[in-house]
Amino acid sequence: MTTALPPTIRPQDRSFLGEEQVAVRARLAEEVRALIDAVVLTDVPDAEIAEITGQVRALTDRLGAARLGAAPMADTPIDGLIASGMSRQLGNPVTGVLNPVAPPIPFEALPDGSVRSVFTLDEPYEGPPGLVHGGISAAIFDQVLGMTAGMSGVPGFTATLELRYRRPTPLRVPLTLKARITRREGRKCWADGEITTPDGRVTVEATAMFVTPRHLLAEEADEAQEQRTS
Ligand SMILES: CCCCCCCCCCCCCCCC(=O)SCCNC(=O)CCNC(=O)[C@H](O)C(C)(C)COP(=O)(O)OP(=O)(O)OC[C@H]1O[C@@H](n2cnc3c(N)ncnc32)[C@H](O)[C@@H]1OP(=O)(O)O
């Protein structure tokens with residue numbers, strides 16, 4: 001669907017991958033995610049670690065033999081997202097299926113315009129022992145609330161993000177994040193959300209405000225003008 005959204009949502013400097021390419025690379029990222037977990041928790045002898053380090057270096061060199069200039073994107077729909085004109089950032093540190101650093105957080109758009117994500121965080125995301133790092137919760141809220149704002153038709157940069165850590169958030173259990181738009185005013189959009197544990201207890205609440213940057217709207221107007229005159 002074509003929309004009147006700012007041009008950076010489909011940046012010209014990016015490679016756009018097809019679903020087959022995404023699937024192959026996503027399997028690699030999944031293995032590397034498991035590797036990260038294994039690296040954090042390994043207790044094999046040091047000599048073996050040294051040998052494995054060389055093997056990993058060799059794999060890095062193989063993958064690096066051909067490099068893109070920037071993380072790729074895809075046009076394939078995530079529920080609700082493509083309807084808003086937004087492409088998928090495959091290297092995103094929260095939702096990017098090609099980024100092993102990303103959990104990755106799934107994203108489900110509900111018919112009422114709210115959003116739900118169900119995810120489990122393991123040892124690589126630990127803050128206090130046995131608990132989720134507060135900065136990781138903040139990154140997840142930033143992304144999911146931002147996508148919720150974008151879906152509502154006001155994509156933007158985070159202007160404010162406030163978190164209230166009510167209770168510790170446990171590792172290794174399915175967590176649910178629910179998010180919704182609370183207000184829209186021109187280029188500004190407010191969203192809030194909360195993370196709950198399987199027994200329904202809220203651990204973190206967040207409120208954010210997103211602003212569609214003025215300079216991007218100006219670029220969009222210029223592009224539209226160029227199209228009309230060409
Ligand atoms: C179109 C973009 C597409 C992007 C793709 C979308 C993909 C969607 C899915 C991904 C979701 C991403 C989720 C992660 C998102 C990040 O992580 S973004 C990275 C972190 N954020 C940043 O780096 C933002 C840095 N700040 C800026 O770039 C600029 O200050 C802003 C926020 C864009 C505003 O700049 P501006 O357009 O020049 O705004 P300006 O005209 O000064 O102000 C407009 C209004 O907003 C208010 N305002 C501005 N900043 C603030 C603030 N910090 N606090 C309170 N009020 C503020 C002003 O007071 C003004 O209010 P009114 O006077 O109209 O009532």
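The protein comprises 4 helices and 8 strands, where helices (H or I, at least four residues) and strands (E, at least two) are DSSP runs numbered from the N terminus. The model is predicted: local features need pLDDT of at least 70, side-chain atom pairs count only at pLDDT 80 or more, and totals for chains, interfaces and linings use all residues. Residues are numbered from 1 along each chain as its sequence is written. Along the sequence the elements follow the pattern α-α-β-β-β-β-α-β-β-β-β-α.

Of the 230 residues, 24% count as buried. A residue is buried if 20 or more other C-beta atoms lie within 10 Å of its own, exposed if 12 or fewer, and partly exposed in between, with C-beta atoms placed from the backbone.

The largest nonpolar core has 24 residues, and Val144, Leu145, Ala149 and Ala191 have the most contacts inside it. At least two residues of this core come from each of α3 (134-151), β6 (175-185), β7 (188-196) and β8 (202-211). Helix α3 gives the most, with 7 residues. A nonpolar core is a set of buried Ala, Val, Leu, Ile, Met, Phe, Trp, Tyr and Cys residues joined through C-beta atoms within 7 Å. Leaving aside neighbours within four places in sequence, Leu145 is in contact (C-beta atoms, placed from the backbone, within 7 Å) with Ala179, Ala191, Gly193, Ala206 and Ala208. A second, separate core of 6 residues includes Leu17, Ala74, Val97 and Leu98.

Phe119 lies in strand β4 (residues 115-119). Phe119 is partly exposed, because 17 other C-beta atoms lie within 10 Å. Beyond its neighbours within four places in sequence, Phe119 contacts Pro103, Ile105, Pro106 and Leu175.

Key. Contact = placed C-beta atoms within 7 Å.
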